[in-house]
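Open the model in your viewer and show the whole chain. This tour goes from the overall outline down to a pair of side chains.

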Amino acid sequence: MGFVKEFKEFAVKGNVMDLAVGVIIGGAFGKIIDSVVNDLVMPVVAAIIGKPDFSNMYYLLKGNVKVGTALADARKVDGAVIFAYGNFITVAINFLLLALVIFMMVKAINAMKRKEEEKVAAAPPAPSNEEVLLSEIRDLLKNK
């Protein structure tokens, strides 16, 4: 019973739940970035470079593969050694976009935190009831 209780305490701690939510949102966010890369950015980049699909870009190191063969089919050829760099380009662009978006989000959050801290620092705290009462007593004693 001790193990189950200890695991339950661990699993429902705030940090673990925050991490779980972060991983789930990160996975969904990753899918959004994948879509941005594959559906918006890659067609523009491909139009500039002139290649319609980066995933089929590869260099044949060894073997007999017909020029223009899709990467999946080229990998099936016996004895073919393929340097498939196209998928890496796609993943690298995906990573750079994801890092850029995360950076912009962190920067925006930090800016909001700074504004909030400036508000708190700019407004002096109102005196507590004790301070008000002590000030009144002090003023009464001065007047005597």
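A residue is called buried under 20% relative accessible area, exposed over 50%, and partly exposed in between (1.4 Å probe, protein chains only). By that scale, buried residues make up 11% of the 144 in the chain. This is a predicted model: local features need pLDDT of at least 70, side-chain atom pairs count only at pLDDT 80 or more, and totals for chains, interfaces and linings use all residues. Residues are numbered from 1 along each chain as its sequence is written, and side-chain values use heavy atoms, with hydrogens and water left out.

Switch to cartoon. You will find five helices and two strands. Helices (H or I, at least four residues) and strands (E, at least two) are DSSP runs, numbered from the N terminus. Trace them from the N terminus: the order is α-α-β-α-β-α-α. The radius of gyration of the chain is 30 Å, well over the 15 Å that the globule rule gives for 144 residues, so the chain is more spread out than a compact globule. That radius is taken over C-alpha atoms, and the rule is 2.2 Å times the number of residues to the power 0.38. Along the principal axes, the C-alpha atoms fill a box of roughly 110 × 55 × 20 Å.

Next, select Arg-138 and Asp-139. Their side chains meet in a salt bridge, 3.3 Å from N to O. The term means a side-chain nitrogen of Lys or Arg within 4 Å of a carboxyl oxygen of Asp or Glu. A search of the whole structure finds one.
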